[in-house]
Amino acid sequence: MGIRFVLLVNKQGQTRLAQYYAEHLTLDERRALEGEIVRKCLARTEQQCSFVEHRNYKIVYRRYASLFFLVGVDNDEQMEYTYCGSFTHGRSKQFSSVIAYVAMGAVVDVIAYVNELAILEFIHLFVETMDRHFGNVCELDIMFHLEKAHFMLEEMVMNGCIVETSKSNILAPIQLMEKAS
Amino acid sequence: MADGVVRSKKTQNKTVARPRTALLTPFLSSNPCPDLDLCPRFSLSESRRSSSSRVAGVEDEGRTLEDFSAALAMNPFSSGTRLRDMIKAIRACKTAAEERAVVRKECAAIRSSISENDQDYSHRNIAKLMFIHMLGYPTHFGQMECLKLIASAGFPEKRIGYLGLMLLLDERQEVLMLVTNSLKQDLGHTNQYIVGLALCALGNICSAEMARDLAPEVERLLLTRDPNIKKKAALCSIRIIRKVPDLAENFSSPATSLLKEKHHGVLIAGVQLCTDLCKVSEDASNHLRKNCTEGLVRILKDICNSPYAPEYDIAGITDPFLHIRVLRLLRMLGHGDADTSEYINDILAQVASKTESNKNAGNAILYECVETIMGIEATSGLRVLAINILGRFLSNRDNNIRYVALNMLMKAISVDSQAVQRHRTTILECVKDSDASIRKRALELVFLLVNDTNAKPLTKELIDYLEVSDQDFKGDLTSKICSIIEKFSQEKKWYIDQMVKVLSLAGNYVKDNVWHALIVAISNAPDLQGYSVRSLYKAFQLSSEQVSLVQVTIWCIGEYGEMLVNNVGVLQVEEPMTVTESDAVDVLESCLTHHSTDITTQSMCLIALLKLSSRFPPSSGRVKEIITTHIGSVVLELQQRAIEFNSIIQRHQNIKSSLVERMPVLDESTFISKRAGSSQANISTEKSNQQLPSGASLKLSNGVAKPAASPLVDLLDLSLDDTPVPTSTSNDFLHDLLDVGLTNSSSSGVASASGTDILMDLLSIGTPVQSNTTPENGSSIKGFNDILPIAKPNTATVQVVDLLDGLASNGSHPGAQSPVHPSITAYQSSTLKITFSFTKQPDKPQVTQIHATFMNLSSEAYTDFIFQAAVPKFIQLHLDPANSNHLPASGNGRITQTFTITNTQHGQKPLAMRIRIAYKVSNQERLEQGQINNFPPGL
């Protein structure tokens with residue numbers, strides 16, 4: 001699937017959960033990236049679509065009450081970007097990448113893209129899973145049970161790929177552990 | 001699905017104690033996926049009100065008295081703080097500084113607890129560190145603790161240890177190697193959950209070495225019976241084959257067998273593993289094509305037709321995630337393979353027509369299905385079906401759906417552009433959408449849709465929209481419009497008209513190279529010059545705030561001012577207009593004095609005024625006045641120009657007219673090829689985008705400046721041979737001229753962007769000669785140096801004298817020698833001067849031979865003279881021995897030394913060199929060091 005990170009951020013821009021996959025960022029880079037993304041996404045209105053392009057990521061985000069769920073995925077244009085040339089000038093790089101794209105005359109990589117709608121669905125599945133576990137999940141549940149939220153995410157996503165989509169399968173190990181303790 | 005949640009709500013009815021905002025509260029009236037509105041819970045208005053009164057950065061939502069008292073009663077900094085209390089303490093912080101203080105104390109406590117080897121708390125410490133890590137603080141000191149926890153026996157410890165491992169470490173840390181053994185043990189554990197943990201960790205963070213070490217274990221686990229282990233092992237294998245592609249063949253047959261499973265988790269993981277195998281290995285993909293296509297089609301059929309399966313059901317569709325994965329793998333298999341494509345045609349048609357499109361999940365599948373149809377060798381009927389689905393998407397009210405539709409259409413264009421053209425009007429509407437993401441996509445798509453037949457109406461639409469568009473969007477829009485205009489203009493008049501429109505609407509967003517191209521085009525269209533200057537004049541009257549419009553107007557008035565006034569070459573469509581000479585001068589004067597005009601524009605104004613003073617003799621008095629006012633300008637560039645032009649007007653009337661003649665026609669083909677060349681260079685260098693613009697504009701100006709180079713030689717010729725003026729003034733004049741030139745080179749050194757433009761203007765003064773010399777791969781500055789080998793900025797002053805000397809003695813103009821690169825003073829101190837001269841073989845651009853000359857400036861002789869040089873890695877250096885190691889005093893002798901450098905990144909990186917010179921003065925050792933950065937460009 002190519003999920004690069006899952007980020008939960010509240011309305012104030014405070015990170016509530018962050019998980020990166022195969023992404024090597026230093027602490028400073030991470031903070032900067034999160035700041036940029038949060039600024040970009042939180043500024044958008046509800047009427048706007050849920051996809052934002054940022055650096056080499058495409059961010060699919062969705063808001064649930066006070067929490068924003070942001071999932072960064074590979075931007076499919078990333079490959080084309082490397083060919084960008086011609087009238088390159090800061091903001092017009094998009095455009096030149098398209099020229100290059102046409103010039104190459106081919107779909108660069110048939111699977112080098114992500115299904116944004118599926119990611120949206122994934123976010124919802126994650127929220128529903130947490131909801132089933134915590135019961136009426138809210139920001140505080142995630143904060144105070146950060147490790148459990150991580151356990152769930154771990155059961156759902158591995159190395160950026162989706163592992164499991166059944167809520168009861170995801171929750172089974174966590175419930176077992178709760179029973180044991 | 002909704003039912004499921006509601007039910008769970010009723011059974012766990014424990015939401016009374018705390019006022020909380022449930023995440024699943026129906027929040028958006030325009031919820032992108034209406035089906036996701038679940039049961040009503042807490043009212044939205046309440047949560048909003050509380051949030052509006054909140055100070056940024058402080059959270060009070062859901063905080064209760066209980067929380068407060070807990071935070072106050074506990075000392076949060078004792079090493080035994082519970083995780084919960086730490087989080088509360090952090091939440092209670094009002095400022096970032098307070099938060100830092102809490103975190104610092106907490107970290108100190110954790111450190112000491114770790115150093116005391118406190119086993120009881122290590123579990124809790126890691127949990128705290130995870131939270132601290134999430135907040136963005138350094139947590140490296142907890143890494144070893146994670147490893148210890150992983151090695152412990154209990155499941156809860158291992159659980160938290162592995163989680164910490166995945167969060168706090170990544171594959172670059174060396175500590176990671178230490179975990180390999182624990183992982184190996186846990187992979188062989190009897191408890192399936194522990195095996196699952198180890199697989200998960202391995203899948204998330206393993207490095208290439210670990211992948212090699214543990215691959216056999218993972219292979220073995222792929223064959224176990226437990227589905228939970230199987231699915232994780234499959235995903236772990238993905239990471240392994242990405243890290244070590246050689247291992248792919250070991251995994252291809254177990255991967256195939258995974259596709260026969262029934263468990264969805266195993267299937268989805270297996271399908272992903274197969275997809276990755278296809279990516280890394282051609283063999284694997286052939287193997288899968290042969291053995292799996294049938295199985296995949298069956299999986300897809302099963303989930304399409306399966307009855308309601310509550311566990312995997314999302315909005316009435318069984319496991320859309322699996323759907324999507326399978327469709328994607330089918331795309332990989334069908335891509336470029338007619339047989340497979342034919343085999344999967346039916347099932348794709350079934351999915352495309354049967355999936356309901358009123359829910360997000362269904363749309364996600366349709367979207368993937370369309371992508372697959374576009375990616376394989378599908379039948380034309382299927383493609384029509386796909387494009388129709390996209391058309392339906394495009395007219396959807398939901399922005400998300402429209403976004404993906406635009407995305408998809410962009411890919412579909414290479415498959416079937418006719419079909420996409422049908423949706424042109426809808427797409428054009430999307431360009432005007434209120435959502436920036438959609439606008440951007442739509443604009444790109446429109447750009448791809450433009451062809452010769454629809455260029456004109458589309459351009460008109462876009463330009464109309466440019467007028468009302470958002471400020472943020474104007475940049476993108478302008479650059480797209482400009483390139484459409486450039487690419488599809490069939491007649492010059494249309495091109496000029498559209499460009500003038502764009503310049504007057506969004507001139508501030510037009511890139512330099514675009515308006516440069518316009519100038520080149522105008523100068524190449526003799527019959528449209530009058531028309532252009534008149535329409536520019538008209539446009540200028542309406543919008544004088546657009547920088548690039550102003551600049552083009554100034555240039556054109558300077559060049560074609562008399563056409564403006566005399567109405568030369570009026571086209572039939574033009575409305576007659578009267579412009580007097582003083583109107584034209586007014587324009588220039590107003591530009592020159594306008595508060596927001598930048599130096600480049602002002603310099604262009606001065607040039608244009610000088611030109612007008614000769615074109616309109618009656619106005620020359622006024623022009624002179626305007627120029628005189630700038631003699632005292634605080635901007636050096638303007639002052640210098642004003643003084644020079646003033647002296648031309650005052651003292652050199654006889655040559656003025658030939659000096660300010662019209663520019664020679666700028667060579668369009670050279671310009672275009674330069675532009676293309678520069679973009680190609682950019683492609684090859686793949687530089688970051690920030691670097692590109694300057695490079696591009698520099699290269700661009702070459703094209704313009706180049707033809708101008710040789711006329712200056714003619715000009716020098718002219719002044720020496722033909723002019724009847726007395727020799728004394730001739731020298732003066734020459735000096736003036738050279739000053740002009742030198743100003744340019746120095747200003748281009750300081751501010752290359754504006755400098756090159758000025759260079760273009762200045763060098764072109766008075767060049768009646770058609771130039772057709774096009775030196776190979778020269779930059780503008782270099783081209784200039786061809787004639788003036790001395791014009792290196794930092795040595796300029798010294799060398800003017802040299803040049804004049806040379807002229808006086810032998811009368812040959814310097815162009816005759818034309819070394820390719822000027823020599824430089826590489827290093828100069830009070831005691832030593834080093835000059836470099838360069839030779840290059842034309843067929844080896846990377847290799848440069850440098851002849852260094854060392855001169856002793858002190859009064860004592862140097863002995864044991866040794867010169868050493870160091871260069872960056874991309875350069876190779878070969879030093880030949882020097883001709884002597886004794887350097888006589890006071891410049892009475894020289895040492896020369898030759899060395900050869902090879903710049904492996906020629907054209908991308910400039911030369912740079914560090915030097916060290918050691919010598920002895922009366923038996924005392926001396927050492928001098930320096931860095932040379934002033935190598936001429938192009939070496």
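Which residues of H4(B) and H6(B) meet? In this predicted model, in which local features need pLDDT of at least 70, side-chain atom pairs count only at pLDDT 80 or more, and totals for chains, interfaces and linings use all residues, side-chain values use heavy atoms, with hydrogens and water left out. Residues are numbered from 1 along each chain as its sequence is written, while chains are lettered from A and ligands numbered from 1 in the order in which they are written.

On the side of H4(B), the residues are Leu83(B), Met86(B), Ile87(B) and Ile90(B), which meet Arg124(B), Ala127(B), Lys128(B), Phe131(B), Ile132(B) and Leu135(B) of H6(B); contact means heavy atoms within 4.5 Å. By class, eight nonpolar, no polar and two charged residues make up the contact of H4(B) with H6(B). Here Ala, Val, Leu, Ile, Met, Phe, Trp, Tyr, Cys and Pro count as nonpolar, Asp, Glu, Lys and Arg as charged, and the others, Gly among them, as polar.

Helix H4 (residues 83-92) and helix H6 (residues 119-135) of chain B pack at an angle of about 25°, and their axes are 9 Å apart. Helices (H or I, at least four residues) and strands (E, at least two) are DSSP runs numbered from the N terminus. Axes are lines fitted to C-alpha atoms, for helices over the stretch in contact, and angles run from 0 to 180 degrees between N-to-C directions. H4(B) and H6(B) are therefore roughly parallel to each other, a term for angles under 35 degrees; over 145 counts as roughly antiparallel, 65 to 115 as roughly perpendicular and the rest as oblique.

Chain B also contains an open sheet of five strands in the order E3-E4-E5-E8-E7, with antiparallel pairing; two strands pair if DSSP finds at least two bridges between them. Its edge strands, E3 (824-828) and E7 (875-879) of chain B, each pair on one side only. From one strand to the next, the twist averages 25°. E3(B) is joined by four bridges to the antiparallel strand E4 (residues 832-840) of chain B, and Ile824(B) stands opposite Phe836(B) in E4(B).

In chain A, five strands form an open sheet with antiparallel pairing in the order E2-E1-E5-E4-E3. Strands E2 (15-20) and E3 (51-54) of chain A stand at the edges with a single partner strand each, so one side of each is left without a neighbour in the sheet. Strand E1 (residues 3-10) and strand E5 (residues 67-74) of chain A run antiparallel and are joined by seven bridges. Val6(A) stands opposite Val71(A) in E5(A).
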